[in-house]
Each structure stands twice: as structure tokens, then as C-alpha cells.
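The text below goes through its domains, its chain contacts and its nonpolar cores.

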Amino acid sequence: MLFTVLTGLITSSLLVPFGKIIKTKWSILLPFIPVILFLFYLWHVPVVANGTTITQHLSWVPSLGVNFDFRLDGLSLLFALLITGIGTAIFFYGRSYLKGHIYFDRFFGYLLLFMSAMLGVVLANNILTLFVFWELTSISSFFLIGFNNDSKASRNSALTALSITGIGGFFLLAGLVLAGNIADTFIISEMFAQHDKITNHSLYPLVIGLIFIGAFTKSAQFPFHFWLPGAMKAPTPVSAYLHSATMVKAGIYLLARLTPALGNTELWNTTLMVVGGFTMIFAAIHSLFRTDLKGILAYSTVSALGILTFLLGLGTTDALIAMSVFILVHALYKATLFMVTGIIDHQTHTRDVTKLQGLRKVMMPVFIAALLAALSSAGLPLTYGFIGKDLIYEATLNLKENWAIWLTALAVLTNIGLVTAGFRAGITPFTGKLPEGYQDVKMPYRAMWVPPMILAVLGIVFGLFPGVVGDYFNYQTANAIAGTDTDMHLKLWHGFNTVLTLSVATLAAGAALYFAHNPTEEKLLSLARFDVVSSQHIFRQIGRSIEKGAGWYTNTIHNGYLRSYHLKIILFAELLLGYKLWLSGPIQIDYANLTPLSWYEVGIVAILIGALYIIVTTKSRLTSVVSTSVIGYCICLLFVFYSAPDLAMTQFTIDTLTTVLFVLVLYKLPPFINFVRQGILIRDAIVALGFGIIISLIALRVLYEPNTTAISDFYGENAYLLAKGKNVVNVILVDFRGMDTMFETVVLSIAALGVYSLIKLRLKSSEKE
Amino acid sequence: MKSAILQTATRYLLPILLLFSVFLLLRGHYHPGGGFVGGLVASIAFVLHSFANGTENTMKILRYKPLSLLPIGLAISTAAVTLPLLLDLPPMTGLWLEEPIPVIGMIGSSLFFDLGVYLVVIGVVLTILFTIALND
């Protein structure tokens with residue numbers, strides 16, 4: 001499984017050097033990457049359908065518990081098939097859609113990166129690995145939404161999406177780490193056994209609260225939903241792939257994945273039900289007023305995601321079965337509708353549903369695909385959508401609670417909205433009279449209309465054989481979410497019952513609404529009055545206030561004067577250390593235990609004080625710098641006396657070089673003139689003296705503390721045994737704490753680059769802003 | 001600062017100090033020394049040379065910009081850190097040759113790690129000092 005995740009990453013990086021050749025000559029190779037991966041997962045279907053799970057383990061950072069643990073069960077497999085299968089369709093489609101685009105190679109680089117990341121999310125069996133891939137999907141999505149980087153709106157949308165999902169990711173990480181610590185394992189399949197331990201823990205509400213924020217931001221649940229309609233600025237293949245079929249379902253996937261470990265509590269179910277329920281009806285209503293085809297689809301996607309969350313919240317076996325089917329149903333018809341919208345946009349250069357009409361006359365096959373998808377989305381009998389909708393109604397009706405009837409009503413209302421939205425996006429542009437000027441609209445390339453056609457036809461074929469499809473694709477998915485055997489068997493025909501009545505009523509009401517209500521610019525504008533209370537507006541306000549606060553903070557604290565920074569840093573350290581010192585109580589000095597004073601130590605201290613006096617009184621910069629280095633050498637001698645040769649050597653060389661550096665800089669400065677007022681000198685003296693006193697007190701305090709040598713003993717004993725070194729200091733630097741050293745060298749390099757570029761950078765006056 | 005004495009002295013001091021810095025680097029694992037101190041001593045050697053002969057002349061001896069030592073050093077350190085991964089061991093595991101090599105002594109991955117540190121330190125110090133010195 002690791003190779004399937006890495007394939008995309010590797011090819012994505014290969015596109016950097018070989019992008020030009022791929023773009024011009026070999027672009028046909030690109031779609032075969034998802035094809036191969038899709039076949040690989042398809043080949044696993046029979047095995048997984050038997051209830052087998054396949055696992056793979058590879059150490060990455062074992063000391064932190066971060067490993068490549070992959071696990072393929074029903075839920076992962078369904079998602080992996082969606083990712084690679086719809087990916088195949090999108091890659092063929094996108095290749096034609098973006099033919100000749102200058103950033104063609106870049107586009108597929110991002111898309112491959114995304115596909116890998118998404119596969120990583122659904123296959124990972126370690127929550128930390130899952131998180132890494134999760135963030136990678138947000139990042140690749142950012143680049144794809146902002147793909148048309150010369151448009152400001154597109155850049156803004158990308159940034160909004162990244163901020164919302166990024167903030168969510170931050171909370172998610174906290175939640176996952178907490179959950180992992182409580183369960184004492186980061187392996188997801190092992191967490192299932194810890195269900196009671198986690199759910200009874202006092203931090204449980206916090207854990208799931210944090211994870212909810214992560215999942216809701218990713219899956220565009222209210223109040224974080226607004227980034228998804230904004231993300232429609234992306235090229236349509238991206239909207240079809242990321243923002244309807246795969247990435248936005250990552251949040252749902254995560255919740256479903258963790259249900260056996262964290263779910264089945266009242267808090268879990270109620271929250272999901274309320275948030276999902278509100279999102280699905282809210283977005284369904286919104287979708288009725290959009291005039292942009294992609295806007296309609298975006299809101300109906302949000303609504304569908306709400307339905308999935310809602311079903312997860314119901315938590316009954318029926319609901320989980322419905323969910324596992326609806327994931328597939330929705331991916332099939334929504335990806336199709338998006339691709340159809342893309343074709344319309346590509347050929348006519350508009351997506352305004354009030355202007356588009358009668359296109360069936362110029363692109364019949366596209367109309368057939370759109371019609372089939374719209375019917376599946378409407379849940380017409382004999383489509384897979386019909387099965388999906390039946391199961392949803394069954395789930396709400398079979399609830400034992402007495403408010404089950406209200407939930408059913410909610411589900412029906414949402415579905416009426418979705419029926420209308422599906423018809424609007426799939427049928428309106430094709431029916432009626434072809435307007436003037438559209439006579440010359442050409443048929444799209446075959447690679448553009450065949451993929452949506454295949455997906456749409458699958459939606460029908462699956463509907464004709466729900467038993468087989470359900471057994472192979474959805475049965476184990478539902479089992480994986482429920483954590484037990486759901487005993488699911490789909491049937492084409494349930495007989496005449498309440499569910500069927502509701503289904504037909506939904507279809508009829510949706511169709512009626514479709515004919516009765518036409519979205520217009522005026523209606524959309526009248527809706528805009530409520531923008532002030534929309535969550536998007538509120539989030540933007542919060543964002544602006546943070547920006548303002550940061551500006552104020554930077555201007556007051558970071559004023560650019562080195563002396564002011566020094567003062568603040570030292571004052572802060574004094575306050576903190578002084579407070580701790582005060583807390584720790586009085587200091588007693590045991591004079592008997594101190595080493596006796598020798599004459600050379602007294603001599604060094606005398607030199608030290610003399611050098612200090614010169615620094616404070618001298619009028620020359622150079623003298624003060626040289627005196628500072630005298631102090632450094634004195635300390636260096638002290639290290640020698642107390643047998644720390646490594647420290648002494650380092651201190652000696654560092655002091656030498658610091659002096660050289662000072663001299664080099666001072667040499668360039670204008671002559672020294674004293675501007676400082678008496679008051680400031682006194683203030684600085686007090687701060688400096690205070691700091692010295694506090695450090696001395698701490699040194700005495702340390703002597704008084706009971707001596708713990710466990711760490712130094714460990715290093716002393718193991719330096720030779722484990723690292724074959726006799727110099728403990730060096731062994732700590734290059735072996736025991738080698739990672740620290742590694743990153744310190746990186747920091748040093750960055751500092752050097754900083755100095756180099758600050759000094760060497762010579763901007764022309766035209767480049768300065 | 002043109003001083004014939006210093007110029008003559010640095011001609012001999014530069015190689016001796018550099019040799020000493022390598023000595024510090026190699027003995028670091030068993031005795032006081034190590035890549036960091038070694039790197040600092042080597043930088044001092046070049047700084048001394050630049051004082052006597054001018055920074056331009058030191059740059060000529062160096063041939064390449066000290067900045068180019070940074071990626072080389074970081075790459076060597078990173079290689080030493082990641083090498084154990086190829087043998088299915090956790091990163092940073094010390095790998096050692098069985099027998100010591102004459103003059104150099106025991107060779108292991110942490111020696112290469114230290115060599116990376118040594119090069120980065122030289123690169124950093126010389127880049128900062130020489131960039132400031134040559135700026136006008």
C-alpha cells in the first residue's frame with residue numbers, strides 16, 4: 001500500500017524537471033497513474049469483501065510513535081476506490097480541459113500530490129501519520145483553488161480555504177494527541193479496544209470537541225461551510241475531484257473512522273446530529289437561490305456532507321448503512337454534474353443558469369450524462385440514488401425516539417432541495433430553446449464527455465444490481481464504521497411502504513419546486529441582506545481584528561531598536577526568574593561545603609572587575625569591546641580550573657571571533673558621540689545590577705538544591721557502551737542529543753544566509769517599495 | 001594592517017592551525033575537541049590570514065565562497081543521520097567500522113556528523129565575517 005501513496009508523490013516531484021516534456025508530448029501517460037492504482041485497489045475488493053483487513057507496518061520515527069502503519073478495511077477501500085476511480089475520470093477529463101494551459105504540468109503536479117495525500121489519509125492506521133497527510137491535502141487544495149493565480153478572487157478563496165482548514169487542522173492535532181495519550185496508543189485499530197477508557201475519561205468532551213472542529217472545517221459543516229462555495233474558483237476538474245468527491249469527505253471519513261473508538265456516546269451523537277442536520281437543511285435552502293451552476297453544486301455538496309454527518313450522528317445500524325451507500329451515490333452523481341458544468345463552462349464561457357438553455361441540441365451526449373446524474377441525485381427508482389435515499393428515510397423512521405418523525409421531515413425537506421438543485425444543474429442548461437449566439441457551440445473533446453458519462457451510467461447500473469454492489473463495496477464499509485457486523489443486504493424493491501411513499505413524495509415535491517421556483521439575480525441579492533450575520537462575515541471580522549491586534553503589538557513591542565529589545569528581554573527574564581526565586585523561599589548557604597578560595601581565583605575576579613569598570617567608564621567603543629573579551633577569557637580560565645576543557649576551548653574561540661566581528665562592525669560606524677541622558681543610564685544600571693543579582697542568587701540556590709545526577713550518570717555510563725566515545729560532552733552533542741545539534745547547525749546556516757542576503761541585497765530604487 | 005611579521009607568520013600559521021583544527025575534529029570523540037571547536041579554530045585561522053593579507057586575498061585562497069560550505073556540511077550531517085535508515089535502524093544510530101584506521105582512529109557515522117558540523121561552522125563564521133568585512 002505504501003507504494004500507492006508514494007507513486008503520486010514521486011511522479012509529482014518528477015514533474016518539476018520533466019514537466020515540459022510531459023506537457024507537450026507525453027501528457028497521455030498521466031491518467032494511467034490513477035488507472036494503475038485503481039486496478040490495484042479493485043483487485044483487493046473480493047478479499048476485503050470477505051471481511052479481511054490488510055495491514056502494513058514501516059518504522060518512521062518510532063521513538064515518537066509516528067510510523068507508516070497502513071490498514072485496508074471496508075471503509076478505507078471504498079474511499080481508496082473513490083479517490084483513484086474518480087481520479088482516473090478527472091485525470092482524463094482534466095487533460096483535455098486544460099489542454100495548452102501554460103501551467104499544465106504544475107496542475108497535474110498538485111493533483112498527483114493531492115491524490116497521494118488523500119490516499120495516505122484513508123489508509124493510515126496511525127493518527128499522527130493520518131494528520132500529516134490530512135494537512136498535505138489542505139496544502140495541495142490551497143494551490144489548486146488558487147491555480148488561476150492572476151485573479152485576486154481566486155487567491156482570496158484559496159487563502160480562506162487554507163485558513164479555515166488550517167485552523168481546523170491545528171485543533172485536530174491537539175484532539176488526536178490527547179486521544180492518543182488517553183488510549184496510550186496512536187494506532188487507530190488499537191484505539192478501538194480502548195473505547196470505554198476514552199469515553200469515560202474526564203477530558204473526553206475536550207477531545208471530541210477538538211476533533212469535531214477539525215472534521216467540520218474540512219467537511220464544510222456549518223459554521224465553517226463558507227470556504228467550500230468560495231473554493232469553486234478552482235478549475236472545474238478540481239472542484240469535481242477535491243471539493244465534491246474526495247477531500248471534503250475526509251472529515252466525514254475521520255469521524256467514521258474514529259466512531260468505534262470515540263463514538264456511541266450521547267455527546268458524540270447529539271453534536272453530529274445537530275450540526276449535520278442544520279448544515280443539510282441550511283445548505284439545501286441556499287442551493288435554491290444560486291444562479292451560478294457551480295454555486296448550486298457547491299451548496300448541494302455542503303448539504304450532502306451535512307446528511308453524512310447527520311447519519312453518523314444517528315449512529316444506528318440503519319443510519320451507518322445508509323451513510324456507506326450515500327458516500328458512493330453522492331460521489332458518482334456529484335462528480336458527473338461538476339464535470340458537465342465544466343464542459344458547459346469550457347464550451348460556452350458562462351455558468352449562469354439563467355442564461356443557459358437548450359444545449360442538448362449541440363451536445364447531446366453531455367445532456368444524457370447530466371440527465372442520468374440528475375435522476376440519480378433525485379433518487380428516481382432504478383438508480384443507485386434511489387437506494388441511498390430509501391436507506392436515509394429508513395434510518396430516520398426506524399429510530400425509537402418519539403422525535404424520529406421530525407428528523408424524517410428534516411431529511412425529506414433537505415432531499416426536496418437536493419432534487420431541485422440536481423435538476424437545476426443537470427437539466428436546465430439543456431432543455432428549452434437554444435438562445436441566439438449559442439448555435440456555434442461545439443461538442444467537447446471525447447475525453448471530456450466520456451468520463452462523466454461512465455460515472456453517470458455506473459450510478460444507474462449500481463441501482464439495478466444493488467445487492468451485488470452493496471455486498472462488494474458497502475457492506476464492509478458499514479461494518480468498519482459500526483465496529484460490528486451490520487448484516488446489510490441491499491434490495492432493489494422493498495414493497496409498498498412508508499419509505500417508498502416518502503421517496504415518491506420527495507421526487508414530486510422536488511420536481512414541483514423546480515418548475516415553480518426560478519433563481520434570479522434579484523432573489524440572490526435580496527438574500528445578501530443577511531450577509532451581516534453570516535458566519536463568513538463574522539470570521540472575516542475576527543480575522544481583521546487579529547490583523548489589527550498583531551499590527552498594534554508589532555508596532556509597540558517590536559520598535560526596531562536593539563537596545564529596547566535587550567531591555568525587554570532582560571526585564572522579562574528578571575521578572576520570571578525573580579518570581580520563581582521568591583516562590584522557592586529563603587536561600588541558605590552552607591559555607592563549609594564550598595570549595596576553598598585560591599589566590600588565582602581571586603586574581604581572576606579582580607581582573608574581571610577591572611575590565612567591567614573599564615567597559616562602563618570608557619569613551620571608546622573599541623576599548624569596551626576589548627574589555628568584554630577580557631571578561632570572556634577570564635570565564636574561560638575559570639572553566640579550565642574547574643576541569644571543563646571542552647567549554648573552555650569553545651568559549652575561547654567564540655570570544656576571539658566575537659571580538660573580531662565587533663571590530664569589523666564598529667569600524668564601519670560613525671564616531672562615538674554620547675547622547676544618553678543621566679536618567680536612562682541609571683535605569684540601565686538598575687536593570688543590569690538586578691539581573692546580575694538574580695543570576696547569582698540562582699547559582700547559590702542551585703547549590704542548595706538536592707543534587708540529582710541521574711542524567712549525567714546515565715551519559716557517563718553509556719557514552720562508551722552505546723556510542724563508543726570517551727568524551728561525554730562530544731558524545732552528547734553528536735549522538736545522544738544529535739538531533740538538537742543537527743537543527744542548531746540548520747539555524748546557524750539560516751543566520752549566515754540572513755546576514756549574507758541583508759548585506760548583499762542591493763535593491764534598485766525601482767524595486768524598493 | 002600591513003605588517004611583514006604578521007604576513008610571514010600567517011603563511012606558516014594558517015596550515016598549522018588548520019591541521020590543529022582537523023586534529024581537534026578527529027579526537028573529539030575520545031578527548032576534548034570536536035567539530036564545533038574544530039570549525040571555530042579553522043575559521044580563526046582564515047580570519048588571521050585575512051587580517052594580515054586582506055580579505056580579498058583570503059577569498060582567493062578559499063577559491064569558493066564560504067557560503068557553499070553550508071549545503072555541503074548540512075548534506076554530510078543529514079547523510080550521517082539518515083544512513084542507519086537504509087539498514088532498517090532508527091535514524092542517528094551510531095554505525096562503526098570494526099577496526100580502527102591508522103592515524104584517523106575509529107570511523108563511525110558520528111564522525112561524519114561531526115565533520116558536517118565542522119564545515120557548517122566554518123561556513124557560517126566566514127560568511128558572516130567576510131560579508132561584513134567586504135561590504136562598503
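This is a predicted model: local features need pLDDT of at least 70, side-chain atom pairs count only at pLDDT 80 or more; totals for chains, interfaces and linings use all residues.

Residues are numbered from 1 along each chain as its sequence is written, and chains are lettered from A and ligands numbered from 1 in the order in which they are written.

Chain A is split into domain 1 (1-259), domain 2 (264-519), domain 3 (561-714) and domain 4 (715-769); such bounds come from an automatic or database domain assignment. The centres of domain 1 and domain 2 of chain A, taken over C-alpha atoms, are 23 Å apart. Between these two domains of chain A, 43 residues of domain 1 are in contact with 50 residues of domain 2 (contact: C-beta atoms, placed from the backbone, within 7 Å). On the side of domain 1 of chain A that touches domain 2, H3(A) gives the most, with 11 residues; helices are DSSP runs of H or I with at least four residues, numbered from the N terminus. By class, that side of domain 1 of chain A has 28 nonpolar, 12 polar and three charged residues. Here Ala, Val, Leu, Ile, Met, Phe, Trp, Tyr, Cys and Pro count as nonpolar, Asp, Glu, Lys and Arg as charged, and the others, Gly among them, as polar.

The largest nonpolar core has 187 residues. A nonpolar core is a set of buried Ala, Val, Leu, Ile, Met, Phe, Trp, Tyr and Cys residues joined through C-beta atoms within 7 Å, and a residue is buried if 20 or more other C-beta atoms lie within 10 Å of its own, exposed if 12 or fewer, and partly exposed in between, with C-beta atoms placed from the backbone. Helix H15 (residues 317-348) of chain A gives the most to this core, 20 residues. Domain 1 (1-259) and domain 2 (264-519) of chain A both contribute residues, so the core lies between them.

Turning to the two chains, 41 residues of chain B are in contact with 38 residues of chain A. H5(B) supplies the largest share of the side of chain B that touches chain A, 15 residues. That side of chain B divides into 25 nonpolar, 15 polar and one charged.

Finally, A:Val747 is placed in helix H31 (residues 738-760) of chain A. A:Val747 counts as exposed because it has 10 C-beta neighbours inside 10 Å.

Technical notes. Helices (H or I, at least four residues) and strands (E, at least two) are DSSP runs, numbered from the N terminus.
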